[in-house]
Amino acid sequence: MRSTGVHHVDLVVSSIERSLPFYSALLGPLGYHRVGEVEGERGETIWYLSGPGTAIGLREAQSESQEYDRYRIGLHHLAFEAESRAEIDERAAWLATQDVEIESEPQEYTYIPGYYAVFFYDPDGLKLEIVHVPGLVAA
């Protein structure tokens, strides 16, 4: 576990009933095993999936707005770290069985040497990534 870094990120989703099972199944194999509930500032329930050194919070939307656009002010995409290329390939195979769009199949990118990733969208269209860079994950 890392001693510093991002503690948690909260995502607003259109349906907890759809998104909580998706994120639980997606992130469980990456080490996000604990799901806890807390009360938000408006009395709403926030579900936190806790993983290696961080947590992802899921909140159901409380206002009507247009579809998500990652090029507006806000979140562009969220990247989850994997321990190996094989773990990314396994998650990509799982994603192929889900009703979500895969933007690009697992492949190496030139961002930094060994950067291997899959890019895809969650059920609300939020862009997500699972990435492995050799030497970044402590064994």
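So, helices here are DSSP runs of H or I with at least four residues, strands are runs of E with at least two, and both are numbered from the N terminus. By that naming, His33 sits in the loop between H1 and strand S2 (34–39). Before I go on: this is a predicted model, where local features need pLDDT of at least 70, side-chain atom pairs count only at pLDDT 80 or more, and totals for chains, interfaces and linings use all residues. Residues are numbered from 1 along each chain as its sequence is written, and side-chain values use heavy atoms, with hydrogens and water left out.

Okay, back to His33. Is His33 buried or exposed? Exposed, at 64% relative accessibility; the cut-offs are under 20% relative accessible area for buried, over 50% for exposed, and partly exposed in between, using a 1.4 Å probe and protein chains only. Skipping residues up to four places away in sequence, His33 touches Gly28 and Ser50, where contact means heavy atoms within 4.5 Å. His33 and Ser50 are 17 residues apart along the chain, with 6.3 Å between their C-alpha atoms.

Now Thr54, in the loop between strand S3 (45–50) and strand S4 (55–60). Thr54 is buried, at 18% relative accessible area. Leave out its neighbours within four places in sequence, and Thr54 contacts Val6, His7, His8, Tyr32 and Leu49.

Last, H1 itself, residues 16–27. Its buried residues are Ile16, Ser19, Leu20, Phe22, Tyr23, Leu26 and Leu27. They span an arc of only 165° around the axis, so they're on the same side of H1; that arc is taken from the directions from the helix axis to the C-beta atoms.
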